[in-house]
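I opened a new notebook page for this protein.

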Amino acid sequence: MGLFSFTQEIAMDLGTANTVIIHNDKIVVDEPSIVALDRSSKNMIALGSKAQQMHGKTHENIRTVRPLRDGVISDYDAAEKMMRGLIKMAVSKNLLFDPALKMVVGIPSGSTEVEMRAVRDSSEKSGGREVYMIYEPMAAAIGIGIDVEMPEGNMIVDIGGGTTEIAVIALGGIVSNNSIRIAGDDLTADVIEYMNRQHNIKVGERTAELIKINVGSALTTLEDPPEDYIVHGPNRMTALPMEVPVSYQEIAHCIEKSISKIEAAVLSALEQTPPELYADIVRKGIWLAGGGALLRGLDKRLTNKIGIQFHIADDPLHAVVRGTGVALKNTDKFSFLMR
């Protein structure tokens, strides 16, 4: 795709937490899915990481919005502004005009017709002439390097910000799937609630996210434990400043319920799997993708609980967008996967 071609091709993983765009085989945008808008004019002030820095720190004239909740668009206007801004960052740097776009967008496998329509509309309004959609677990499988057209069963568990997508894939289709709205955001909410209740300290979304990254764990005993993370914030009762060290064991306890729900969903998808494919999965193991795959000890915990080996994909955060990029280059070959 040169400077003078009128159609530019982009692959997008439109996520609840992050949006990633591939253009010309390269990841050109990897930004938090958040925008800052002027309350009165509704104009966009900042986007991505700049808007993320404002989150929780704005005055009354500015509001920060995460346009996606649970993997689907919850604020159409903000979603469209965000997509337009991110696409501009990805494509129009060297162009004098807005190009026509051929887009492939990853969507949750549990999306309803209305939710798919919302993604399609927002994509078209952001400049998409040809818009294709592919289910995220299918894209993740392609991104991991699995040959999805083989007559063999492969299982993917993609834990994003808003949804956990569990799918068994064979012969280029999803045989059984389970999409639950328990994922990274719920773990963050668990941490906020726990800090509030247990330590009497108020923490915001960004701090909770940092706690999760630094000391998040799915197991209460790790071979290589992280050091305690020091959290600063106001006491809930007195509003005086506090300093609280948080250990990974505490976080393992506080996210236990949500992790158990993900386990139950994996088991439920396995129950619906035909026996021949089940045998393939037991032999080959189950792949973990998405940001949730980076949670310490999660693969080990799931392996012990379910009795099937879990593997973490290389670069799990970008598995979906890489697969979406492969689908974009081979839209004819993968046309049967597209919506």
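Below are my entries, from the whole chain down to single residues.

**Ground rules**
I am working with a predicted model, where local features need pLDDT of at least 70, side-chain atom pairs count only at pLDDT 80 or more, and totals for chains, interfaces and linings use all residues. Residues are numbered from 1 along each chain as its sequence is written, and side-chain values use heavy atoms, with hydrogens and water left out.

**Whole chain**
I looked up the secondary structure and found 11 helices and 17 strands. These are DSSP runs numbered from the N terminus, helices being H or I with at least four residues and strands E with at least two.

How does the radius of gyration agree with that of a compact globule? For 339 residues a compact globule would be near 20 Å, and the protein chain has 21 Å, so the two agree. The radius is taken over C-alpha atoms, and the globule rule is 2.2 Å times the number of residues to the power 0.38. I also noted the C-alpha trace, which spans about 60 × 60 × 35 Å along its principal axes.

Next I checked burial: 53% of the 339 residues are buried (under 20% relative accessible area, with exposed over 50% and partly exposed in between, using a 1.4 Å probe and protein chains only). Of the contacts with a separation of 6 or more, 63% join residues 24 or more positions apart; contact means heavy atoms within 4.5 Å.

**Largest pocket**
I found about 1,200 Å³ of space in the largest pocket. On a 1 Å grid over the protein atoms alone, a pocket is an open set of points with protein on both sides within 12 Å along at least five of seven lines, a cavity is a set where a 1.4 Å probe fits but cannot get out, and lining residues have an atom within 4 Å of a point. Grid points are joined across faces, edges and corners, and a volume is the space filled by probe spheres set on the points.

The pocket has 47 lining residues, and Ala17, Asn18, Gly161, Glu209 and Lys212 lie nearest its centre. Among the elements supplying at least two lining residues each are strand S1 (7-14), helix H5 (184-199) and helix H6 (205-215). The lining holds 17 nonpolar, 17 polar and 13 charged residues. Here Ala, Val, Leu, Ile, Met, Phe, Trp, Tyr, Cys and Pro count as nonpolar, Asp, Glu, Lys and Arg as charged, and the others, Gly among them, as polar.

**Cavities**
How many cavities of 30 Å³ or more are there? I found 2. The largest has about 40 Å³ of space, and its lining includes Gly71, Ile73, Met116 and Val119. Helix H3 gives the largest share of that lining, 3 residues.

The second largest cavity is about 30 Å³. Leu14, Leu68 and Gly106 are among its lining residues, which divide into 6 nonpolar, 2 polar and no charged.

**Two residues**
Is Thr324 buried or exposed? Thr324 is buried, because its relative accessible area is 0%. I placed Thr324 in helix H11 (residues 319-329); leaving out residues up to four places away in sequence, its contacts include Ala11, Met12 and Gly106.

I then turned to His55, in the loop between helix H1 (49-54) and strand S6 (62-65). Beyond four places in sequence, His55 touches Ile34, Thr64, Glu205 and Arg206. His55 and Gly204 are 149 residues apart in sequence, yet 9.3 Å apart in space, C-alpha to C-alpha.
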